[in-house]
Amino acid sequence: MIQPSQIHALIIGIDVYQNSDWPALSAAIFKSRTQHLEPVNEQATRKGIVDALSSAIIVSMQDTALHWATSGGQLEMLCPVDMGELDEANQEIEGVPDRTISVLLDEISLKKGNNITFILDCCCSAGMTRAFALDEIPEDAVARIITAPPLITRTCDADIWSAGRRSVSIAKDSRNCTTSPNAYEYQGSGLFTRCLLKVLRDYPIKELTYSSLMHRLRAPGYQTPHCEGKHVRRRLFDAWYDEADNAFILCKHKQGVPNFILDAGSLHGITLGSEYAVYDTDIPSASARHTKASITQVDSFTSILVPSDPTFLTARENQAASVWYARLTKDTDTVLQIFCNDASYIQRILDTSEEDSDTFVAPISSVDNAEVADLILTVDDGQVGLPSRLSSSVPVSAIHRCRHVVNAYARFVTHLTRTVSAPDGKDVVAISLKRLEKSEQLVSPVGDELLTSETEPIVVYPRYGMMFENTSDVPLYLHLFCFDPNTLAITSWYEPKIAAGAGAHSSTTVETELSAGDSLSIGFGNGAQCHGYVDVSFFKAFLSTRPTDMRSIAQDSPFESQRKIR
């Protein structure tokens, strides 16, 4: 029996700083009735904050939520109440840099698991925000920012981060201060915190994921919420249940309009005439409201999705709902041709006329010639043999599982082989692959360029890193996927942050690591953490000129049993 989650909450708020040069706030102290540590104002010193984070490592509760409400610095740091004052050694007290926070969060993750939610309502952080119906910043709104904080020294918190950092996945929010607008407090509360609490009151927490929470946050264009992490499709504060399936794609609906706007287009592989099931949640149950719909128009980033029942969107319970989720049920892409040495068996596989049978997402046909087939199935001794690189066979009796493998194979091949060209035909990014070496605490690329050099063959075990350099004059958003031909899994290795509100699709408000002329490293440096050892795999990078969510491309291996409840 699953026990209710026990959440350890660490809530930090500062209204008044010891240094009178820093502006005072009035709404950063967050009141809570949960079990928590709460260093606020004079207790929220640099030592008090680091100690509170360290103490969270040894608390017995497995789920951790951290809330920071105060001013942020322009140098990607959190600002304790005594920042800028002199310590006992007559040294200026520094802020708490992001690298220190990252290491401490990693330690919590290693000890207690990665069900960590880190919320920051301050500038130069993960500034998720609440929205109000104004286009202009109110005159009495106060920005939570310190414009000239003390510089962080190279040795700051060396005793914490010099021990090394293990690669773990943490669901958290993070924002680079070069693009993020200010976070504000207004009329007695932080704008983001007020918005967050409104969503949590309006929707059952058990029915919200981190991504669907973002989709429901209404934010003005001058302050754009950001969210990042491997587990953005996990239910709020709960790691016990399945995450939302990546196959569910956000849809928006405006009251009075007879169609949905699918938040995916040709870049995502959407095709004209494709059919979808549309739900009011990304974790649907049998009771979820849903309808069938088909694609009538495809643009680069969005598509028009028209319900088969024209009265669905005018029904009273559906009129006001603006957030929906669509799952592909029938594609219209290239037909997948299958050869099988047992003609009767392939007909059993393809016959989906029974009411409870699974249907194929991609168009499927059987062929009599193995040489022209895209997929070859071999029936022998009670097993269905698959291409040699695939890691498993399927029992002949497991019709459902065989169809699941065929569907996964079709999606795998379709996304791996389709191409999207730059509008002007010019290359917009330079890609580099090099071997990595670790010296002390730094991991750096060394040796020849492996994508062009013939002097050093790629071998199995040395670590490699990829570098992407934006050679265009516009910001780019990178989406990097690993295609594993052994398992048919498609894994996201790097995705931009999810944004919300009026600025969610604007390159001027949503952070990117690939601004014009910038570089992004994968496996070291400023990019994604290393994903460890992989066998022969394909990597495919998609680049967009505006923020978009491409996680719907990812899929689990059809050979792995799906985790239900731990």
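Contact means heavy atoms within 4.5 Å. Keep that in mind, since we start with a proline.

P23 touches Y17, I145 and I146, not counting residues up to four places away in sequence. Before going on, some ground rules. This is a predicted model, where local features need pLDDT of at least 70, side-chain atom pairs count only at pLDDT 80 or more, and totals for chains, interfaces and linings use all residues. Residues are numbered from 1 along each chain as its sequence is written, and side-chain values use heavy atoms, with hydrogens and water left out.

Back to P23. Where is it found? In the loop between β1 (7–13) and β2 (36–37). Helices here are DSSP runs of H or I with at least four residues, strands are runs of E with at least two, and both are numbered from the N terminus. P23 and I145 are 122 residues apart along the chain, yet their C-alpha atoms are separated by 8.1 Å. P23 has a relative accessible area of 35%, so it counts as partly exposed. The scale, with a 1.4 Å probe and protein chains only: buried is under 20%, exposed is over 50%, and partly exposed is in between.

Now the whole chain. It has eight helices and 31 strands. Of its 566 residues, 49% are buried. Take contacts between residues at least 6 apart in sequence: 75% of them join residues at least 24 apart.

Next, helix α2, residues 98–112. It has 15 residues, and at 1.5 Å a residue it should span 21 Å; its end C-alpha atoms are 21 Å apart, which agrees. The expected span is 1.5 Å times one less than the number of residues. Buried residues of α2 include I101, L104, L105 and I108. After α2 comes G113, with a positive phi near 100 degrees.

What does α2 meet? V50, L53 and S54 in α1 meet I101, L104 and I108 in α2. That contact holds five nonpolar residues, one polar and no charged. Nonpolar covers Ala, Val, Leu, Ile, Met, Phe, Trp, Tyr, Cys and Pro; charged covers Asp, Glu, Lys and Arg; the others, Gly among them, are polar. An α-helix has 3.6 residues a turn, so residues three or four places apart point the same way.

Last, an open sheet of five strands. Its order is β20-β19-β21-β22-β23, with mixed pairing. The edge strands, β20 (364–366) and β23 (394–395), each pair on one side only. Two strands pair if DSSP finds at least two bridges between them.

Look at β21, residues 375–380. Three bridges join it to β19 (residues 336–340), and the two run parallel. F339 stands opposite I376. Three bridges also join β21 to β22 (residues 383–385), and these two run antiparallel. Here D380 stands opposite Q383. β21 and β22 form a hairpin with two residues between them, and D381 in the turn has a positive phi of about 55 degrees.

Which side chains of β21 are buried? L375, L377 and V379, which point to one face.
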